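My notes go below the display.

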Number of protein chains: 2
Amino acid sequence: MTTGKLFILSAPSGAGKTTLLKRVMADLPGLAFSVSHTTRLPRAGEVDGVDYHFITRDQFEAMREHGTFLEWAEVHGNLYGTSRPAVLAQLATGVDVILDIDVQGAAILRKSATIPAASLFISPPSLRELERRLRGRGTDSEETILLRLKNAKIEMEAALDYEYLIVNDRLEQAIDTLRAVVIAERSRGHRLPTGQAIEILGEL
Amino acid sequence: MTTGKLFILSAPSGAGKTTLLKRVMADLPGLAFSVSHTTRLPRAGEVDGVDYHFITRDQFEAMREHGTFLEWAEVHGNLYGTSRPAVLAQLATGVDVILDIDVQGAAILRKSATIPAASLFISPPSLRELERRLRGRGTDSEETILLRLKNAKIEMEAALDYEYLIVNDRLEQAIDTLRAVVIAERSRGHRLPTGQAIEILGEL
């Protein structure tokens, strides 16, 4: 029985992360999202327990005090956290788990290193293009757009701290690269399913 | 100007390495073989300067004494070596270079670590299947087949020393995995083309 691999993934809002992940997860079986807890309100179409676990600030703080979160962070005035028991349970089933978290959470997780993980940063081709995408989305107020751009600048300074940097310039190429990173990580020698390693090496 | 990445690749004879490499190199531009020097005689169809630089044992030993080889090894009674100047010149053009070498050479190269490299081992699904493939090839004598099988056992014990282990069970899947490893390695953050990193980070 092998456990899954943890993928830490960060990207500024508007970098195309959601589209990339949906496409790659549709193509590769055995890859699942970790569902985060958050205190922010659901956007149109978001489903509780699927996109996020939507909870109150009081509930979040209680969980945090119990040490339930692998990492947590405050972003745009809302709290986001990843439940350690949920991630470990997912990994134990052999599924690879994607943690979609901000750069603060990723830095904490890399430092604590309680679970081996591969880290990926998805970047827009430029800040100008990011601004164009955020305005084109039409879901955010001017104030929110400016806040997202300001945060994007800060986040992109952390890009080189990640093992993999995927520049989402041409969508199909970025999808192919993200898919390649997952497949490559799965073929790392020390991660071979135990049964397979025995089959190969056991005959010697 | 970025330099290419070095890929160290090993596999027992009959694991399907040549087929895999040809398919992946046809699909991915910017990937080139390092052409080794060898004292063994050309097989039918092999071209000097393309498949190998075929040289005499005297010539090989002179080059070895001059420190020309990045690594060298004796396999099946023949000498094989990789010319350091040739590899460095290839990498300097920005091309990723594949070093197709045996496990002894790979171990030496990993230890010396003069050039950063990703290491890959291609394994047959089993030794029984390897024997079937070697006999099916019809190019080797019984003595050679038995020698190759004996060496394969030794080589496969080194498989877990490599960063990536690709089991060539289903050909198309193995091709996809080898391709993925190359693409993933190219997307490693610290390997981004300098121009691209400047374009993204220079705007901040």
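These entries follow the order in which I looked things up. I am working from a predicted model.

**Strand β7 of chain B**

I started with β7(B), residues 96-100. The strand is mostly covered, with four of its five residues buried. Next I looked up its pairing. Strand β1 of chain B, residues 6-10, runs parallel to β7(B) and is joined to it by four bridges. Within that pairing I found Leu9(B) bridged to Asp100(B). Strand β2 of chain B, residues 31-33, also runs parallel to β7(B), through three bridges. Here Leu31(B) has Asp96(B) as its bridge partner.

**Helix α4 of chain A**

I then turned to α4(A), residues 103-112. Which of its residues are buried? I noted Val103(A), Gly105(A), Ala106(A) and Leu109(A). They lie on the same side of α4(A), because they cover an arc of only 155° around the axis. Lys111(A) and Ser112(A) are exposed on the other side. What do the buried residues of α4(A) pack against? I listed β1 (6-10), β5 (69-75), β8 (117-123) and α6 (142-156), which belong to chain A.

**Nonpolar core**

Last, I checked the largest nonpolar core, which holds 89 residues. The members that touch the most others are Phe7(A), Ile8(A), Leu120(A), Ile8(B) and Leu120(B). I followed up Phe7(A), leaving out residues up to four places away in sequence. Its contacts include Val97(A), Ile98(A), Leu99(A) and Asp96(A). Phe7(A) also touches Ala117(A), Ala118(A), Leu120(A) and Val182(A).

Methods. Residues are numbered from 1 along each chain as its sequence is written. Chains are lettered from A and ligands numbered from 1 in the order in which they are written. This is a predicted model: local features need pLDDT of at least 70, side-chain atom pairs count only at pLDDT 80 or more; totals for chains, interfaces and linings use all residues. A residue is buried if 20 or more other C-beta atoms lie within 10 Å of its own, exposed if 12 or fewer, and partly exposed in between; C-beta atoms are placed from the backbone. Helices (H or I, at least four residues) and strands (E, at least two) are DSSP runs, numbered from the N terminus. Two strands pair if DSSP finds at least two bridges between them. The arc is that of the directions from the helix axis to the C-beta atoms. Two residues are in contact if their C-beta atoms, placed from the backbone, lie within 7 Å. A nonpolar core is a set of buried Ala, Val, Leu, Ile, Met, Phe, Trp, Tyr and Cys residues joined through C-beta atoms within 7 Å.
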